[in-house]
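Please keep the sequence and the structure in view while reading.

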Number of protein chains: 4
Amino acid sequence: VEVAALFAHSSGGKKVEQVLPSLAGLFGGTLDVFDPERARERADVAFTALPHGASAPAVAALLDRRLKVFDLSADFRLADPAAYREWYGEHGAPDRFGEAVYGLPELHRGELADASFVAVPGCYPTASILALAPLLAGDLVDRSTIVVDAKSGISGAGRTASASTHFPEAGEGIRAYKSGGTHRHTPEIEQELSRVAGEPIRILFTPHLVPMTRGILSSCYARAKPGVDAEACTARARELYRGSPSVAVLDPGANPDTTWVRGSNRAHVSYAVDRRSGLVLAQCTIDNLVKGAAGQAVQCFNAAMGWDEGLGLSAPAVWP
Amino acid sequence: VEVAALFAHSSGGKKVEQVLPSLAGLFGGTLDVFDPERARERADVAFTALPHGASAPAVAALLDRRLKVFDLSADFRLADPAAYREWYGEHGAPDRFGEAVYGLPELHRGELADASFVAVPGCYPTASILALAPLLAGDLVDRSTIVVDAKSGISGAGRTASASTHFPEAGEGIRAYKSGGTHRHTPEIEQELSRVAGEPIRILFTPHLVPMTRGILSSCYARAKPGVDAEACTARARELYRGSPSVAVLDPGANPDTTWVRGSNRAHVSYAVDRRSGLVLAQCTIDNLVKGAAGQAVQCFNAAMGWDEGLGLSAPAVWP
Amino acid sequence: VEVAALFAHSSGGKKVEQVLPSLAGLFGGTLDVFDPERARERADVAFTALPHGASAPAVAALLDRRLKVFDLSADFRLADPAAYREWYGEHGAPDRFGEAVYGLPELHRGELADASFVAVPGCYPTASILALAPLLAGDLVDRSTIVVDAKSGISGAGRTASASTHFPEAGEGIRAYKSGGTHRHTPEIEQELSRVAGEPIRILFTPHLVPMTRGILSSCYARAKPGVDAEACTARARELYRGSPSVAVLDPGANPDTTWVRGSNRAHVSYAVDRRSGLVLAQCTIDNLVKGAAGQAVQCFNAAMGWDEGLGLSAPAVWP
Amino acid sequence: VEVAALFAHSSGGKKVEQVLPSLAGLFGGTLDVFDPERARERADVAFTALPHGASAPAVAALLDRRLKVFDLSADFRLADPAAYREWYGEHGAPDRFGEAVYGLPELHRGELADASFVAVPGCYPTASILALAPLLAGDLVDRSTIVVDAKSGISGAGRTASASTHFPEAGEGIRAYKSGGTHRHTPEIEQELSRVAGEPIRILFTPHLVPMTRGILSSCYARAKPGVDAEACTARARELYRGSPSVAVLDPGANPDTTWVRGSNRAHVSYAVDRRSGLVLAQCTIDNLVKGAAGQAVQCFNAAMGWDEGLGLSAPAVWP
């Protein structure tokens, strides 16, 4: 695999190390302004990471030129056009809507083999779906009341500086945002949980900003069915994620820390059940910038090429 | 009010500014080893802040000497001896068990007037009860499934260094602890919510450590009764907390940040309702070391002396 | 003292608590767009906190209307017009240049009495001057090589979000900025040190951004004159700051922490001497937003009114 | 290369993933209690990372059994026994004192080839020497006044919890420690700088704790010789570090951020000169746990085996 070209928009023309200072002395090129024709000339595969809305036409231009596309935007993750319209508005490439495979290898491994167009899910859906899927697959919880309380590092907000990422206002406190069920990742999580459950699932998803750069902890609550304990949940998860090199299902009652997966493509999943209240806590931690973004795209790429899913992704976390 | 004496155990004999370096140049005394008889000679009122178990005999010794006591430990907060035994073990002063007023002025203002013995609640119960009490008082939610996902700054763990407070393991990540309904503040929150509800309430309480020193955000989830919206929850809270100088009920949908109350005795409360899932999110932020500890003790002291509850506590937060 | 009006520019018309969320429930007014005539009608004294360049004409308009002005900008801190031009460019109110008292009460207490126009120094100069002034006043160090390595919390960069205050790029690392002697606070520090020394002083001042919101640690290095030890430096500082309620000179060798003064108007100063290398380390910590900004302005105001300098400023730090 | 055994002391018998949670699901073994004979049976090369004092006898036992040893303690870094005695006390294996190669490949590459015993330097010396060596090698600065103001992430203090690593006391502030020239890394930095300079060098080294987990920024100040500018310093450094894959010399005036090297074995070096004061600022950033510890040991191992120095160390930083 060779990096054939790097495209940008506002950073076009800059040296790579100006934009990504960690590459100083390691990677000497410059960024070009995006041009699908030049992409076709140089590359067979494209990774796209544009904002929703902006991504769809760029992706369509690349698909039209027969590149395989691994898209990290939200534009092709939803299967229901009405849901896209409700949460995002008009779609930028309606002809291509519905063509992508949902790029969560742990649930879509079969479809990813030979896929040429993959919609790579982001951080919140990855962490929330990985935690809850075993409970729904195993029919272990009441499906009517599922709460997802997710905590994210601030890099999840992207690279554009704003009041909500300004250190003095975000650096030593915690707060929710887009509460009351208004965050756009809600329908995506529901879509995948509904697929696993075989019936429509509704959740309340509440994201929070935590004063750290990387990491997501998704804390998911549901009412356990009678007799279900943490061991049963753990066993079901281990069964579901057997053969998934990126997922470690921790022992019952373990509390994963986001630093344990920082910088890696790994997910830690765990389960606890409180007998007094009858509730399950399902937790999942990932690095939002790796398993929740670029690493997951590489994992999908490996799967689509028929290679070992973990190629280039075996590094453990940078811990502590 | 005059500080008549300061007592310590392992720090006895040290200068105050060695133990509390922020007092350098401001407060020149030394710490004495605790002696209830000397306390009686010098003071009319005692504030005690010992670990549970160790507190009960010290408090009893002070009460026996007719001091008014404001106790910040967990030893006298529970009303049910069986609950104390289940969660904490044998009690250190069973004769005094049940004598204290629960020192949450917003719910126990009447009993605090003229009280001579107050069990001051800590950080998690204060934040969780303040968020949920209006919903139960107003019969606005289904009482069978209440989830409390609480996020705390690391100072909540106390001053003793440990792996869980060690910066390299706690400084750039988030994790739950004592999950699965095992945290000792659970029965205290349930006790107070049950009093408000008029029937036994069970919750799942899950605490988390956030990489910040101060602050608690308690995120509480429950199923809304039909027709209940954020405005109704907000209105009920404003009614309940009318006359409570430390509580600000924010507008519907607001997301309070812990830094907005840092260093102050204030609590910010807010409500959101998600119509799709039918769930309420009730949030409360406090500074765990002020409204969740010393500030609340002073507030109780003011109330018990018949003074303005907010005396000495009017400073706004140190924000940002 | 009464807050008569609050003026803003881009935030004009907003509720105070929208802009300063820590005041929710405490302070109910709105912000007006700045109008010097309305200021005159309502107030006797003005505190101005505009960027340099923008401040000068606003201050002049207020002075013309006979208000006392305490200006937190850099526009009136320098005494030498050439230095202002070199470091800042053209001045916005040259007629008023040179009229203000430099508002560091510890060095200018006499001039502040009855002052009607005060240029309040900011965070870096305050911390650096307080550390070094005793060494120069006492002729304890070689004046030819003075290094100031200053470390600041990120709130020092102001409230405007930018790449350098963006949590993911600033939150878990440290870096210098404006290195090589290019930071505009250099001439101000040199001006005050030269006044104390009685001859021109040149320093190398290098600021750093530290991943914390508040606090400055100014670490100052100079070559000790023969026989000078930490005790001598400490004694000279205690003499110089006698009668200064905001300054605590710590014992020789102490290492002040910025959290020990966080949220307070206090400065901690300390001295160490290394016999092997013959160098002195002079340290000073302040809260950049209090003793390095608003608190210092209030301290100047008190001094100018002939009141106790510490009025309203006696609170100890919010520590930890 | 194969991991043949992992030895521990107090953690002997524990599963690796209990002690290093980032390895959950990746590395299944357990830790054995250290036994040099079993080490000999299983391995050809040993990496030792014990505290100073404890390391010497363990290293001697391994050397006696003909293992190659890469020691990360301070026990074999100094060449002068009197200096060891002054700063550390009695040595635990005096027969072996002076036998190790100082494992900074950028300065000792020749001696490392075929070395069988290497004393790997730690974080502060690596960052400080890499910044200053070019200035001394090129005779670009006055050698009589060199100040090193070093800022370290808190993981530099090791894994044992203490007051100085306790989040509430270290998490949102900065402070110096072991100031006044008392830190034990002083003689090691002086030793290597003296080797480069060809005459004895004295420095004042002052370490600081910064509220972040990883990273060191070493800010070094010296008086420039006449005519020396940042370009000259940069050119000399590029010459000295040509062929050193871990070092990137940034452009003149650049300010490296510790996050740009976080998680990598890289060092960023840069130079600025202030003409007004005549002082040079030489900066170096590394990750104290990689280039300042384990990564450097691997780099030395590669060099000693005659392999490419960068094997296994090519990953760029985990940035942001």
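This is a predicted model: local features need pLDDT of at least 70, side-chain atom pairs count only at pLDDT 80 or more; totals for chains, interfaces and linings use all residues.

Between chain B and chain A, 22 residue pairs are in polar contact, counting pairs with both residues at pLDDT 80 or more.

**Interface of chain B with chain A**

- The side of chain B that touches chain A draws at least two residues from each of β7 (146–152), α7 (167–170), β8 (175–176), α8 (186–197), β9 (203–209), β10 (216–223), β12 (267–274) and β13 (279–286) of chain B.
- By residue class, that side of chain B divides into 21 nonpolar, 16 polar and 14 charged residues.
- Contact involves 51 residues of chain B and 51 residues of chain A, and the two chains bury about 4100 Å² between them, with 55% of it on carbon and sulfur atoms.
- Within chain B, the most area is lost to chain A by B:Ile174, B:Tyr221 and B:Arg276, which together account for 17% of what that side buries.

**Salt bridges**

- Eight salt bridges are counted between chain B and chain A, and one salt bridge joins the side chains of B:Glu172 and A:Arg262, at 2.5 Å from N to O.

**Helix α3 of chain A**

- Helix α3 (residues 55–64) of chain A is mostly covered, with eight of its 10 residues buried; among them are A:Ala58, A:Val59, A:Leu62 and A:Leu63.
- The elements covering these buried residues include α2 (36–42), β3 (45–48), β4 (68–71) and β6 (117–119) of chain A.
- After α3(A) comes A:Arg66, which has a positive phi, near 70°.

Methods. Residues are numbered from 1 along each chain as its sequence is written. Chains are lettered from A and ligands numbered from 1 in the order in which they are written. Side-chain values use heavy atoms; hydrogens and water are left out. Contact means heavy atoms within 4.5 Å. Buried area is the accessible area (1.4 Å probe) that two parts lose on being put together, summed over both. A salt bridge is a side-chain nitrogen of Lys or Arg within 4 Å of a carboxyl oxygen of Asp or Glu. A polar contact is a pair of N or O atoms within 3.5 Å; within protein, one must be able to donate a hydrogen and the other to accept it, and residues adjacent in sequence count only if both atoms are side-chain atoms. Helices (H or I, at least four residues) and strands (E, at least two) are DSSP runs, numbered from the N terminus. Ala, Val, Leu, Ile, Met, Phe, Trp, Tyr, Cys and Pro count as nonpolar, Asp, Glu, Lys and Arg as charged, and the others, Gly among them, as polar. Buried means under 20% relative accessible area, exposed over 50%, partly exposed in between (1.4 Å probe, protein chains only).
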